[in-house]
Amino acid sequence: MAIEATFAAFDPPPRLVVRRERAMSLARRHPWLFEGQLAHPPKNLPAGVTVDLLDEQGAFLARGGYNGESRIAVRILTVEPAETIDAA
């Protein structure tokens, strides 16, 4: 139930910028993004919120679940920008 509220809380998902040297790992379909790979890690996003990952030019790279409490900051759920992530 708490997860459903998290999904509904951000529409559209927050956008996080990936450091240039790390964007290639997402292009190669790596399933995780580590905390140090974000250009500007967010300070107040709750764990489990869905985020969009962008390159430094603003192009969509992936969408995933964010957890600022973990070394793995984002677990990739899709690389398709049109794919919706919901509680199901």
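Val49 is buried, with a relative accessible area of 0%, where buried means under 20%, exposed over 50% and partly exposed in between, computed with a 1.4 Å probe on protein chains only. Val49 is found in the loop between β2 and β3. Its C-alpha lies 8.0 Å from that of Pro13, although 36 residues separate Val49 and Pro13 in sequence. The model is a predicted one, in which local features need pLDDT of at least 70 and side-chain atom pairs count only at pLDDT 80 or more, while totals for chains, interfaces and linings use all residues. Residues are numbered from 1 along each chain as its sequence is written, and side-chain values use heavy atoms, with hydrogens and water left out.

The secondary structure of the protein chain comes to two helices and five strands. Helices (H or I, at least four residues) and strands (E, at least two) are DSSP runs, numbered from the N terminus. Along the sequence the pattern is α-β-α-β-β-β-β.

The five strands form an open sheet in the order β1-β3-β4-β5-β2, with mixed pairing. Strands β1 (15–17) and β2 (32–34) stand at the edges with a single partner strand each, so one side of each is left without a neighbour in the sheet. On average, neighbouring strands of this sheet are turned by 40 degrees against each other, direction ignored; the axes are lines fitted to C-alpha atoms, for helices over the stretch in contact, and angles in general run from 0 to 180 degrees between N-to-C directions. Two strands pair if DSSP finds at least two bridges between them. Strands of a sheet pair through backbone hydrogen bonds, either parallel or antiparallel.

Strand β3 (residues 50–54) pairs with β4 (residues 60–66) in the antiparallel sense over five bridges, and Leu54 has Phe60 in β4 as its bridge partner. A hairpin of five connecting residues leads from β4 to β5. These two strands, β4 and β5, are antiparallel and share four bridges; the bridge partner of Arg63 in β5 is Thr78. On β5 (residues 72–78), five of the seven residues are buried, so this strand is largely enclosed by the rest of the structure. Strand β5 also runs antiparallel to β2, to which three bridges join it, and the bridge partner of Trp32 in β5 is Arg75.

Rings of Phe, Tyr and Trp (its six-membered ring) pair if their centres lie within 6.5 Å; planes under 30 degrees apart count as stacked, over 60 as edge-to-face and the rest as tilted. The rings of Trp32 and Phe34 have centres 6.1 Å apart and planes at 80 degrees, so the pair is edge-to-face. Trp32 is partly exposed at 35% relative accessibility, and Phe34 is partly exposed at 29%.

The largest nonpolar core has 16 residues, and those with the most contacts inside it are Val51, Leu53, Tyr66 and Val74. Such a core is a set of buried Ala, Val, Leu, Ile, Met, Phe, Trp, Tyr and Cys residues joined through side-chain atoms within 4.5 Å. Two or more residues come from each of α2 (20–27), β3, β4 and β5. Beyond its neighbours within four places in sequence, Val51 is in contact (heavy atoms within 4.5 Å) with residues including Pro13, Leu16, Leu45, Tyr66 and Val74.

Of the 88 residues in the protein chain, 35% are buried.
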